[in-house]
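The paragraphs below go through a protein model, from a strand and its sheet to the core. Please keep the sequence and the structure in view while reading.

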Amino acid sequence: MKRSLRRALWAGAVVALAVAAVPMATASAAGSVTATFTKVQDWGTGHEARVTVTNGTGASVDTWRIEFDLPAGTTISSSWDADVTSSGNHYVAVKKSWAGPLAAGASFSWGYNGTGAYKAPLNCTVNGGSCSGGGTPPTTTPPTTTPPTTTPPTTTPPTTTPPTTPPPTTTPPSGGKKVVGYFAEWGVYGRNYHVKNIHTSGSAAKLTHILYAFGNTTGGRCSIGDSYADYDKAYTAADSVDGVADTWDQPLRGSFNQLRKLKKMYPNLKVLWSFGGWTWSAGFTQAAQNPAAFADSCYALVKDPRWADVFDGIDVDWEYPNACGLQCDSSGPNAFKNVVSALRSRFGSNFLVTSAITADGSNGGKIDATDYAGAAPYLNWLMPMTYDYFGAFNAQGPTAPHSPLYSYTGIPQQGFWSDAAIQKLKSKGVPSDKLLLGIGFYGRGWTGVTQTAPGGTATGPAPGTYEQGIEDYKVLKNSCPAAGTVGGTAYAKCGSNWWSYDTPSTIGGKMTYAKNQGLGGAFFWELSGDTSNGELIGAIKGGLG
């Protein structure tokens, strides 16, 4: 993650609602291709739906075609991962050319945004047979949910551009998907974002894991990042998770104590302490010289009796082993594996050990510099940082989306897109279900731009609230609404400023990708960038199901 200790934190958007699954019918009839419609979100004036096609036959299916009618008052306004046409209220959805055959027993999901409240489709058929695999599809409308008080986004970007190289579809692993979000310790200052906000935004209920960023690695040892923010800052009753003020003599205050309170409120929520980051990765080079000593120092710090119950795991954010980030490392391709192996040995099999890693999918790039596959057995999961590919750190452009899912014509650098990183890691032997897809809750932008489409020249970084060239989604959704998509993510030009960022719609497409690739879930940087009602995390949770 390209960020400094006080670097601005970043942002997101979609109406936050609990996912309400509304199947058309049981989609498991043996020997049939079936289709199941699921209501992901419904805000009254609009909705999002997901359609899952399942091959229940014993042979591969080359193509599929779904036909259905929508009740009066409901129309499809945009779609992704399927080609959708309509005549009146009758719709036809067919497989994208890049999607490839649907293997026996496999499933594929596509989605759409619609106008009006969600209503179950009528007269649904897939490849000429009932969507339910037999009998007549039900035509009753499911119960509606109470709409949120906030107004959903009114601008929906066009359908995303298909990838130039079709990714293979694999069967997702069993079990729930991980939704992992970073909490940045310095957000309690200028951003006024505290652990309580994770609760009041509704985000805590959607998260499976929180990554607390960052601990330091100076001298090849784990150490405190900001003692005041971490365990000393006194919270008033109004700012505390449970409404109880800190006292002057209590043994633990700060964000650590607030996280303890949050975990008590959400018993299934896990917290990991992340070490390193863009600014503090230099210490990993020395850590690699004596991994056991590094692991001992981390164990002593994370297991400190004052806060040992707060943390369920440790995360390594080394930017980058045997490659260059803020500084260059030449500790060799085995250094990363040796470090995480030592951590696993010291913390044991029941403690979470994870890592944020490079997403450079280029030939001879950062992924190729390190044995990530060799390290994978020691890690619960890996998080390729599939964002920050392009930005105003190249001040004159060309303008390009910082978090493309796929390649597109004119992309400035080969291998700089999410799917390239995922496929490279999988090809090296990293298991799909140990990979999480990264989402940035922020945009990157340029100024002095005259061309609306990507690829334009610029004069420098666009103005940002905390740092030039970077802005939270919660700001951009209003100041520069998305006007188009490229490579599976959104962009917009407002005046002479050009921004790229993810929206609820593009996140939906990315979550479909994550499921179709069999990934273990998704993670994001970072919580304070989301809206006050957790719109973007709602899109992640809703998209993963």
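In which strand does Asn 123 lie? Asn 123 lies in strand β8, where strands (E, at least two residues) and helices (H or I, at least four) are DSSP runs numbered from the N terminus. This is a predicted model, in which local features need pLDDT of at least 70 and side-chain atom pairs count only at pLDDT 80 or more, while totals for chains, interfaces and linings use all residues. Residues are numbered from 1 along each chain as its sequence is written, and side-chain values use heavy atoms, leaving out hydrogens and water.

Asn 123 is not a glycine, yet its phi is positive, near 55°. Its relative accessible area of 47% makes Asn 123 partly exposed; buried means under 20%, exposed over 50%, and partly exposed in between (1.4 Å probe, protein chains only). Asp 388, in the loop between β15 (381-384) and α8 (418-427), also has a positive phi, near 65°, but is buried at 5%.

Strand β8 (residues 122-126) pairs with β9 in the antiparallel sense over two bridges; pairing requires at least two DSSP bridges between two strands. Thr 125 has Ser 130 in β9 as its bridge partner. The open sheet has five strands in the order β5-β6-β3-β8-β9, with antiparallel pairing. β5 (83-87) and β9 (129-130) each have a single partner strand, so one side of each is left without a neighbour in the sheet.

The largest nonpolar core has 101 residues, a core being a set of buried Ala, Val, Leu, Ile, Met, Phe, Trp, Tyr and Cys residues joined through side-chain atoms within 4.5 Å. Helix α6 (residues 335-347) gives the most to this core, with seven residues.
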